[in-house]
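Here's a quick tour of a protein model, starting with the whole fold and then zooming in on two residues. Have the viewer open as you read.

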Amino acid sequence: MLFWRLFGLQMILALAILKLITLLDQNHGLKADVTASGILVAGAGLGAGYAVRLCGPQRPALWPGYLTLAVYLTVCAITDLQTCKVYDILQIPAAAAGTILCLCQVSTPEAGRGLVIFALLQYLLFRRFYGEGDVMAFLICSLYLVSRGGDLRTLLMHMALAFTLLGAVQMFRHNINRKGNLKVPVPFLPYIAGSIVWFL
């Protein structure tokens with residue numbers, strides 16, 4: 001019963017945000033299709049499942065944090081996939097919730113150092129390879145991973161898995177040239193969202 005309540009809440013929030021985007025951005029380019037519906041259902045299911053499994057009924061104060069992450073990744077995966085846009089305003093509540101989880105849950109000094117090093121790597125090195133929205137998605141995910149006890153290795157493994165999934169799918173679609181680069185750029189955020197499932 002708890003799972004379905006959280007599932008329904010996440011669906012409502014994600015749909016409300018998507019509707020708000022269509023009202024505020026006249027050139028949004030969003031459309032209701034099978035892919036978007038699949039992402040919504042998968043995101044809501046994974047978000048509710050993780051909230052129940054990680055927090056359970058004993059720690060309801062943590063539910064909003066994980067549901068915020070799930071809604072953020074679900075909505076951003078849809079907007080990036082359909083329009084190649086990631087709306088900056090969506091990052092604020094997700095980053096705030098991740099920060100609160102980091103502060104509320106026990107974390108090691110190594111994890112904190114790893115978070116700082118990872119943030120520097122994202123902004124100083126990896127930002128050249130993908131967009132600002134992808135950088136922020138990695139950083140937001142890193143807050144949640146660190147709150148669960150992850151360290152720098154965990155954060156780098158999450159990034160490596162996202163790139164591996166991207167490479168595998170694009171190789172299958174013959175979208176990689178002889179130099180190993182993408183022939184046609186593709187949205188990266190769905191791969192970031194899909195890969196974090198293995199590390200939470």
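## Overall picture

Of the 200 residues in the protein, 46% are buried (under 20% relative accessible area; exposed is over 50%, partly exposed in between, 1.4 Å probe, protein chains only). Bear in mind that this is a predicted model: local features need pLDDT of at least 70, side-chain atom pairs count only at pLDDT 80 or more, and totals for chains, interfaces and linings use all residues. Residues are numbered from 1 along each chain as its sequence is written, and side-chain values use heavy atoms, leaving out hydrogens and water.

There are eight helices and zero strands (DSSP runs numbered from the N terminus: H or I of at least four residues for helices, E of at least two for strands). Some whole-protein values:

| Property | Value |
|---|---|
| C-alpha trace span along principal axes | about 50 × 40 × 30 Å |
| Accessible surface (Shrake-Rupley, 1.4 Å probe) | about 10,800 Å² |
| Carbon and sulfur share of that surface | 69% |

Aspartate 134 lies in helix α6 (residues 132-147). Aspartate 134 is buried yet has no salt bridge, and the nearest side chain of opposite charge, arginine 127, is 11 Å away. A salt bridge here takes a side-chain nitrogen of Lys or Arg within 4 Å of a carboxyl oxygen of Asp or Glu; Lys and Arg count as positive, Asp and Glu as negative, with His and the chain ends not counted.

Phenylalanine 129 sits in the loop between α5 (109-124) and α6. Phenylalanine 129 is exposed, with a relative accessible area of 58%.
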